[in-house]
Amino acid sequence: MSKLQAFSKEGNAIKKNGMLFDWLKDDHERAQLYAELRGEDFPVLQFKSLLRSSNRADWPNEAVYLLSKKEHVEMALKFCKVKPYQELESGGRFMLGMESGDAHTTQNRIAVRALEFETEEIKECARRAFERAAVLPLKNPRFNLATDLAEQAAIRFIELLFGFRDEAHPYLERAMSVAYTRLVFQIVGRHFVSDTGLPPTDTPEAKEGKERLKLEIRFAATNHDERSGAPKETVIERLLRNYKDADSEELAIVALGLIAGTVGNVCAAVSIAIADFFADRGKGPPLIDEALRAARIPDGLDLKELIAGALVRNPPAPFLARTSTGERTGFKVRVAHRERSEGWTDRCQNDCGKPIPEGAHLILALGADADRDYIFGGLDPSDYPHRCIGQRLAWPLTLEIVRQLLLLPGLSQVIDPVGGKPEKLKKRWGAICQSYPMQFQRDRRLNLHPLHLVLPIKEPVKENAEKLLQLMRAGAPLIEEALDKQKFVHSAYFMLVEDETHLSMMTVYDGDFDAYVEHFAIDVPLFDEQLKYLEGAPPTPTRLFPKEFVEWIKRHNRAPFGGYFYSAYPTDTVADVKNATGGKS
């Protein structure tokens, strides 16, 4: 049975709602649904929302209409109301939730002018933003592309372009995550789930975060310090020219409104593009090899075409919300019905022969019957009153992040150890990209690794600590010879820490962890003596139990705080350094 047949036959409103939600929130299932809709010339699908706007006994009682035909979507964008967005925290004071009129036109004009930058300024800002965002996640061979790199690059881009200082980063990060979650919930999630899962907006922490953001906007409006990658005049400085006062509430609303959509859309666009390049294409090969070649072409045109193709198939903003205006403004779409078990018939009629009523909920499915017009929610310029002006930022930033990702050595998907297949891009409500594990050959970018062991000393601690010190003094020449012989340890030292109750060893080494640690288990017998005085030590002699020794070391290794580790020569080995400095071999 096809999806459309199953949808039509399901008589339980809640089950019908869940059925549609399962399809819309999964990229693969949604693509199958859209293919069926395309084959039937895109009938309008009606279902009941799980919204509880009253205590009526016939819940669920509010109808929602899913529009997928391009003609229908265009009509909705031109003629229908943006009432759903007026329920966001901005309360209809940001242009997204303003109906067409003077106030909307004025705010839109101010925002457009604030976002007009030279191409090279945007490119440099995007390049620098990725560079800054990549510092932490690329210290490790695996990273979450969606949140660790794409989202962080978008936030760093916003910081530079809008004029925020680094201290604003945690507040922007939290605020944008909350704002985008609420936005997507208002567009689509509220019809299928009961709440956002976010904490209340009136908690002390939430209030403090809002006040801090307002403070950072005021600072950005008056701070003129130059930063690498930032434009000569930032977005907030430009907004200040119109709003005059750095404390202007509308200035803050416009700035944060522009930021929220940009960060969420860029995170989604990057994640979707990379996932599309790696996707199985049936008889044809994946696009990843073609994308890798395109990433090395300086003009970026071929890569942009590949990205555009991915985003046409799966838009970063897959849904928009509108409220029906009925027949008053030319909106004539009516709901399809089925006749017996045959195909869809009379696509301009619902079962009662009436048009979609005024005030009804509409969800616009942008990826079903669209070309690149709807990649970021609508072309700019266009005759849609609420066209997407943020794409002038989103496109160059998306292109730069994708390009830099493709240039990482050995970029690949992470294989699920249970299922044996690549881990997929995971989204919330079919729109918010939450997780996409990726990996690369980290050693070709950063070959050095830190090891920080903190080992508990056995009771009596003071006496055993003294014995460990005596061993160190006696065995220092042996350790020195072993380290120098292997030629992959850059530095090493021991300390007593945590009120001298633990022995700490810190080293920086080249290459593989297991091989490094096993070397000490096999070639440095001093460790057998040290282990006598350490709590929970592995069996000895370690040369006979190297694997147990490695696992014990792993359990007591402490990762760098926040994952940060710096080296002035990230890819040079010990041998490289010695050869360059004339050191002994």
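Modeller: Happy to! Helices (H or I, at least four residues) and strands (E, at least two) are DSSP runs, numbered from the N terminus. This is a predicted model, where local features need pLDDT of at least 70, side-chain atom pairs count only at pLDDT 80 or more, and totals for chains, interfaces and linings use all residues. Residues are numbered from 1 along each chain as its sequence is written, and side-chain values use heavy atoms, leaving out hydrogens and water.

Biologist: What pLDDT does the protein average?

Modeller: The average is 89, and 91% of the residues score at least 70. pLDDT is the predictor's confidence in each residue, from 0 to 100. Over residues 339-353 the value falls below 50. That stretch still has 29 contacts (heavy atoms within 4.5 Å) beyond near neighbours in sequence.

Biologist: How many cavities of 30 Å³ or more turn up?

Modeller: Two, from a search of the whole structure. On a 1 Å grid over the protein atoms alone, a cavity is a set of points where a 1.4 Å probe fits but cannot get out; a pocket is an open set with protein on both sides within 12 Å along at least five of seven lines; lining residues have an atom within 4 Å of a point.

Biologist: What volume does the largest cavity have?

Modeller: About 60 Å³, where points are joined across faces, edges and corners and the volume is the space filled by probe spheres set on them. Among the residues lining the largest cavity are L453, F494, W552 and Q530. The elements giving two or more residues to that lining are β12 (448-456), β14 (502-510), α17 (526-531) and α18 (546-556).

Biologist: How many nonpolar residues are in that lining?

Modeller: The lining of the largest cavity has 11 nonpolar residues, one polar and no charged. Ala, Val, Leu, Ile, Met, Phe, Trp, Tyr, Cys and Pro count as nonpolar, Asp, Glu, Lys and Arg as charged, and the others, Gly among them, as polar.

Biologist: And which elements supply the lining of the second largest cavity?

Modeller: β12, α16 (513-523) and α18 each supply at least two residues of it. The largest share, three residues, comes from α16. The second largest cavity has a volume of about 50 Å³, and its lining includes L451, Y516, V517 and F520. By class, the lining has nine nonpolar residues, with no polar or charged ones.

Biologist: New topic: what about the second largest pocket?

Modeller: About 880 Å³ of space lies there. Of its 29 lining residues, D27, H28, A31, A279 and N314 lie nearest the centre. α3 (27-39), α11 (249-278), α13 (301-313) and β9 (426-428) are the elements giving two or more residues, and α3 has the largest share, seven residues. The classes are 13 nonpolar, four polar and 12 charged.

Biologist: And what order do the strands take in the sheet of three?

Modeller: That open sheet runs β12-β14-β13, with antiparallel pairing (at least two DSSP bridges between two strands). β12 and β13 (489-497) are the edge strands, each pairing on one side only. Eight bridges join β13 and β14, and V489 has Y509 of β14 as its bridge partner.

Biologist: Which strands stand at the edges of the sheet of four?

Modeller: The order in this open sheet is β1-β2-β7-β4, with mixed pairing. β1 (45-48) and β4 (319-323) stand at the edges, each with a single partner strand, so one side of each lacks a neighbour in the sheet. Inside, β2 (63-67) and β7 (361-365) run parallel, joined by four bridges, and L67 stands opposite L364 in β7.
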